[in-house]
Amino acid sequence: MILMESAEAIGATPLFAWLMEMLRTIAQMRTPFMTAIMSAVTYLGQEMVFLVIGMILLWCVDKRYGYRYLGIFMLGSLLQQALKAIFMIPRPWIIDPTFLAVESAIPAASGYSFPSGHTLTACITLGGLACYLKKKWAYAVAILLTLVVAFSRMYLGVHTLLDVGVGFLLGVIVLVFFALMFRNEQSHKGRLNAVLTISCAGCIALLAYLLASPLPADPANVPMAEESIGNAYVLVGAAVGMLLGKLMDDCVIHFETKAVWWVQVIKVAIGLVIALAVRFGLKAAFGGDSETALLRGVRYFAMTFICIGVYPLLFKVLHKLGKA
């Protein structure tokens, strides 16, 4: 890990002093109306938005691209969490205690600041969808909305320009990597399984690295380090669940996506209910807010594997309803 002596030392560097001054300038624009708008826009960078779009693509539109979409997200999340673990840059209000972030945005911003996960997720979610549509207007909308999400993170005071800039750049790099990797559709399955396997191994390596590293000496930084460990468990659980789920489909299920429109609606509705039930039901069963990092990883494994490797077993039955 690249350990910083203190948050105050970071804030005293010319770069971070300039970044914090920029955030103060943006903070002067805050109004109740703008804050409500930015608080809503920033949700485009939430994993739940990605989950909904990803499951619709996988279950109903294009299974091959749906798997690729999930792989893009997994690799991007791995790189993001690795950078957070390496640089350990705290949030703006920790760098400068006199800076005030929007209070409602702070609870969801508990980990390290660099790079911005919301910006990366928005870039991957919207950019990945644009890559599927392959329309100029889709690329333009994806870029515009991602930039708005990036600005919302600075407006809310939870990230600096450095955080969102690197988050955006990282998302673009992952999208370009996948576009180049899968130009030859004939090798799609083998290459995707290889990427998912490597990503899974990378997530496990990241978790091992974090578990083997000592916690920061400054008690104020311990919660952020613990959050990184928790996120690593989530990545391992999701990556293993995704890989095993896809292998389950490759070897056993071989589900089809085509169906009449109302069956597609039913498939998405049932699937999302199952995903949310597993996610929040297991959280309650595992102790709610006192859930351990390990059980958090188990919960994400269950949700991912069930959505990819179990729920599609019902598709043949649902598709028959549309033909009756």
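This is a predicted model: local features need pLDDT of at least 70, side-chain atom pairs count only at pLDDT 80 or more; totals for chains, interfaces and linings use all residues.
Tyr69 is buried, with a relative accessible area of 0%.

The structure holds 12 aromatic pairs. In one of these, the rings of Phe50 and Tyr69 are stacked, with 4.9 Å from centre to centre and 15 degrees between the planes. This pair joins distant parts of the chain, since Phe50 belongs to helix α4 (residues 47-61) and Tyr69 to helix α5 (residues 63-87), 19 residues apart. Phe50 and Tyr69 also take part in an aromatic cluster, together with Tyr65, Phe73 and Tyr132.

How are the rings of Phe87 and Phe114 arranged? Their centres are 5.3 Å apart and their planes stand at 85 degrees, so the pair is edge-to-face; the angle required for that label is over 60 degrees. This pair, too, links distant parts of the chain: Phe87 lies in helix α5, while Phe114 lies in the loop between α6 (92-95) and α7 (117-133), 27 residues apart. Phe114 has a relative accessibility of 8% and therefore counts as buried, whereas Phe87, at 28%, counts as partly exposed.

Lys63 lies over the face of Phe255, at 4.5 Å from the ring centre. Lys267 is placed over the face of Phe315, at 4.5 Å from that ring centre.

The largest pocket has a volume of about 1,400 Å³. Its lining comprises 50 residues, and those nearest the pocket centre are Glu47, Asn231, Arg279, Arg296 and Tyr300. Two or more lining residues come from each of α4, α5, α7, α11 (222-253), α12 (261-285) and α13 (293-310). Of the elements, α11 gives the most to this lining, with 9 residues. Divided by class, the lining of the largest pocket contains 21 nonpolar, 17 polar and 12 charged residues.

The second largest pocket has a volume of about 480 Å³. It is lined by 23 residues, of which Tyr65, Gly127, Cys131, Tyr139 and Ala179 are the closest to its centre. Helices α5, α7, α8 (136-155) and α9 (161-181) each supply at least two residues of this lining, and the largest share, 6 residues, comes from α9. By class, the lining of the second largest pocket has 16 nonpolar, 2 polar and 5 charged residues.

The cysteines remain to be considered. A disulfide is a covalent bond between the sulfur atoms of two cysteines. How many disulfides does the model contain? The count comes to 0 disulfides. For Cys251, the nearest cysteine sulfur is that of Cys200, 16 Å away. The sulfur of Cys307 is 12 Å from the closest cysteine sulfur, in Cys60, which is too far for a bond, because a disulfide requires the two sulfur atoms to lie within 2.5 Å. Is each of these cysteines, Cys251 and Cys307, buried or exposed? Cys251 is exposed, with a relative accessible area of 61%, whereas Cys307, at 4% relative accessibility, counts as buried.

Key:
Residues are numbered from 1 along each chain as its sequence is written. Side-chain values use heavy atoms; hydrogens and water are left out. Rings of Phe, Tyr and Trp (its six-membered ring) pair if their centres lie within 6.5 Å; planes under 30 degrees apart count as stacked, over 60 as edge-to-face and the rest as tilted. Helices (H or I, at least four residues) and strands (E, at least two) are DSSP runs, numbered from the N terminus. Buried means under 20% relative accessible area, exposed over 50%, partly exposed in between (1.4 Å probe, protein chains only). A charge sits over a ring if NZ of Lys or CZ of Arg is within 6 Å of the ring centre and within 35 degrees of the ring normal. On a 1 Å grid over the protein atoms alone, a cavity is a set of points where a 1.4 Å probe fits but cannot get out, and a pocket is an open set with protein on both sides within 12 Å along at least five of seven lines; lining residues have an atom within 4 Å of a point. Grid points are joined across faces, edges and corners, and a volume is the space filled by probe spheres set on the points. Ala, Val, Leu, Ile, Met, Phe, Trp, Tyr, Cys and Pro count as nonpolar, Asp, Glu, Lys and Arg as charged, and the others, Gly among them, as polar.
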